[in-house]
Amino acid sequence: MEPEGIHELTAAYALAALDERETQAYEAHLRHCSRCRDDLVALREAATSLAYAAPATSPPAALRGRILEQARAERSNVVSLPRRLRDRRTRILAAATAVAAAAAVALGIWAAVLHSDLDSTRSAHARDAQALALLAEPGTDHVPLTGASGMLAVASSGKAVLLLSAIAMAPSDRTYEAWVIKGKQAQPAGLFQGGANRVVPLTRPVPDGATVGVTIERKGGAPQPTSAPIVSAKLSNL
Amino acid sequence: MRANLAHLSDEALVALVERGEEVALGELYDRFGRTAYGLSFRMLRNESLAEDAVQEAFLMVWRSAARFVPERAKASTWLLTIVHRRAVDVVRREERRRTEPLGPATDAASAEGSAEDVAWLRLRRERVQDALRQLPDEQREAIELAYYGGFTQSELADRLGQPLGTIKSRMFAGLGRLRELLVDVQPEEQPWSPRESTS
């Protein structure tokens, strides 16, 4: 049920002046109202012009370097990072957690508006929130991935989440399957379809020294991997 | 490799960022970092909070560039919306800052950067400030408190002692009018051109 006058909320939404509940209602409305989507394009641009009206204040000179350094740390695609990573088990500042959570929020905004994908976005958020909470735990390690950009976060309990910033959607008759591989034994750890900014909680703990790998399997998954992993992350032995 | 990216459109840079090109992120920062920081600082009134908000926003851009759809927004609008949302989140969390007055929009003397950049930003700022001044006071107030202050419409209704419907109307009318005024003073932005195929 939609309140009357919901079209008028476009300006407030563009100004970020809605509370959480109102934002959700409005985004649900956007999904089926092309008039509001068009209005939003124009009003968001007007709202953004206010950013340029703020007084000029120079950011600290070091900020640029910090941003690029952090960006570099988050990207670990071997294709674009030819150097061998010196330390696979990198510990990233707790800031990474805030970034991941905030990214989910930003995705919500844009996924909602741009892809009319509201329901799936919201249910994905509920699931992601749990996974992202894991990232906040002290002692969680962040291991760069080989073969895709993203990371594997492993809590001290062994609970783990795969974060993939971009991986092609699997064909409809296929699925990605995650594995926890220790020695010669691979155990299934969850299925997912791919896409941008996937958060994939693994269904089994990851022990020290194990490798997490991802293969493409037939829909429904396989009991054992049928190929070499296309994406992997190895935890060091402590 | 230190590519000179100055000739690329903002949209082309976002496409490069999507492919993990760090230099493109650096170039976006060079183009919008000052505006992003100026906005965050105005909203948060605290250097380290403003820095954190800008850093997190640019990292969101780094991670979610694939979500940018050029048909629905200019790249600059997309990026600055992310910065604004981030700063709004922080300002709402840091409740205490919001009871402080917003303060006048005067230039800090510390503005640095190339003379050309500074001049361009100043021109742009003056245009928007000029347009804002042409709005009826109550519309400007509602828009500024919402955008810079991070107040929700319901909070604004309380604070200003007006019915919610009045606040909604002021924001709607004010933002619509602001848009008209800015379209008038900015006849033609550079048209967006198809993404270069960088190979």
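The model is a predicted one, in which local features need pLDDT of at least 70 and side-chain atom pairs count only at pLDDT 80 or more, while totals for chains, interfaces and linings use all residues. Residues are numbered from 1 along each chain as its sequence is written, and chains are lettered from A and ligands numbered from 1 in the order in which they are written.

**Entry 1, H4(A) with H3(B).** I looked up the axes (lines fitted to C-alpha atoms, for helices over the stretch in contact, with angles from 0 to 180 degrees between N-to-C directions) and found that those of H4(A) and H3(B), residues 47–64 of chain B, come within 10 Å and cross at roughly 40°. That makes H4(A) oblique to H3(B), since angles under 35 degrees count as roughly parallel, over 145 as roughly antiparallel, 65 to 115 as roughly perpendicular and the rest as oblique. Among the residues that meet here are A:Arg66 and A:Glu74 in H4(A), and B:Glu51 and B:Trp62 in H3(B).

**Entry 2, chain A against chain B.** I found 57 residues of chain A in contact with 64 residues of chain B, contact being C-beta atoms, placed from the backbone, that lie within 7 Å. H3(A) gives the most to the side of chain A that touches chain B, with 13 residues; helices (H or I, at least four residues) and strands (E, at least two) are DSSP runs, numbered from the N terminus.

I placed B:Leu121 in helix H5 of chain B, residues 115–133. B:Leu121 counts as partly exposed because it has 17 C-beta neighbours inside 10 Å, where 20 or more would be buried and 12 or fewer exposed. Leaving out residues up to four places away in sequence, B:Leu121 touches A:Ala56, B:Arg34 and B:Thr35. B:Arg34 lies 87 residues away along the chain, yet its C-alpha atom is separated from that of B:Leu121 by 9.1 Å.
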